[in-house]
Amino acid sequence: MARTLPLLSAREITKHTSEKDCWVTLYNRKVYNITGFLDEHPAGAEIVMPYAGKDVTEIMADTISHEHSESAYEMLDDDMLIGYMATAEEERELVNNKKKVPVDVRLTDEAQAEIDLFEFHDELPALDMLSVQTDFDEDAKKHKFLDLKKPLIPQMLRSTFSKEFYLDQVHRPRHFGKGSAPLFGNFLEPLSLTPWWVVPLVWIPPNMVLFYIGFVNQSKLTALSLWVMGLFVWTLVEYCLHRFLFHLDQYLPDNRYFLTLHFLLHGVHHYLPMDRYRLVLPPTLFVILAYPFYRVIFKLFPFYMACSGFAGGTLGYIMYDVTHYVLHHTNLPKFFQDLKTYHLEHHYKNYEMGFGVTSRFWDVIFDTEITSTFQKRS
């Protein structure tokens, strides 16, 4: 169960400005007691103390001063979060600063003015920002696109906006907060939600059967070679599907039914990129997309060779979908952290580049690589 933390007034926060009692805020919303961390700060306590009792959003995001990793933000939330700074309206309701209420962490107007998550960015926003819940009413009023409080597919089917407007808006990330935004609002809703573990649970058993059939009925070297070839071919299929099908974007007919189909296939993922239940392919959609490949492979190759190659390819798909999930929602080692940053830049910096998810190999080959992340680290 999540902790219920107090709302704290701005005046209260400014009282804690000494090395023995030091508080700071992030996004003018989260309040941290960092007293115990001052001596452990890599750059020393002296670089922190000028911000005691103040907001540290800007300085933590300043890579020139001192670059902070994702783990730095996580450590703050895990170990030092003590409350939330009250908005003016909430502050009027405080009673002796002891009122405790559940708080949806949203940006204040001041913080929103500094970083607009609805806009595209030259730099990836701090990862802690990506969990900030969208203000549904403000979003609908400002952008006149979709209302996150209502089922999205009926809105798409009734829409009158142009393809240009749709493509601009659907690639500007929103964040629903806890749970998933309603797509259908009826009995079809559960079919649109797929936990990540469904993919390995459903597809690993038949994948192992295919591998076994191919492995025991032909030369072991032949079976393993075709299996590895299938894995490699999948990486190209992954790239092509993402670039030429999921991002068909500019070739879409300017018609609300085609835009709705695009929204269902991939648009909703760019619209709500941190939705945990719309990150992997539902089994039915995978069958539809995989069937043409199945037909071609088993027509071109003898049966047992086809089993080995198709087992390698489908294992590649399983690894892709699980990787896609963990890139959005898991803390990872250094190599995968770079891959995570790269993929999130596809969402937050340039959705027309960076189509590789499990690797950047084909992006390099076809000149669609997002390079700024890695150039700046060199």
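**Exercise 1. Describe the surroundings of the R174 side chain, starting with the backbone oxygen of R172.**

Solution. Step 1: a polar atom of the R174 side chain lies 2.8 Å from the backbone oxygen of R172. A polar contact is a pair of N or O atoms within 3.5 Å; within protein, one must be able to donate a hydrogen and the other to accept it, and residues adjacent in sequence count only if both atoms are side-chain atoms.

Step 1: the side chains of R174 and Q169 are joined by a polar contact of 2.6 Å.

Step 2: R174 sits in the loop between α8 (163-170) and α9 (198-216). Helices (H or I, at least four residues) and strands (E, at least two) are DSSP runs, numbered from the N terminus.

Step 3: R174 counts as buried because its relative accessibility is 0%. Buried means under 20% relative accessible area, exposed over 50%, and partly exposed in between (1.4 Å probe, protein chains only).

The model is predicted: local features need pLDDT of at least 70, side-chain atom pairs count only at pLDDT 80 or more, and totals for chains, interfaces and linings use all residues. Residues are numbered from 1 along each chain as its sequence is written, and side-chain values use heavy atoms, with hydrogens and water left out.

**Exercise 2. Determine how much of helix α14 is covered.**

Solution. Step 1: α14 spans residues 334-348, 15 residues in total, and reaches 21 Å from its first C-alpha to its last. This is close to the 21 Å expected at 1.5 Å a residue, where the expected span is 1.5 Å times one less than the number of residues.

Step 1: 12 of the 15 residues are buried, so α14 is mostly covered.

**Exercise 3. Identify the residues and elements of the largest nonpolar core.**

Solution. Step 1: a nonpolar core is a set of buried Ala, Val, Leu, Ile, Met, Phe, Trp, Tyr and Cys residues joined through side-chain atoms within 4.5 Å. The largest has 21 residues, of which C22, L26, Y32, I34, L38, L76 and M80 touch the most other members.

Step 1: β3 (21-26), α3 (70-80) and β5 (81-85) each give two or more residues to this core. The largest share, 3 residues, comes from β3.

Step 2: a second, separate core of 20 residues includes M156, V170, L183 and F263.
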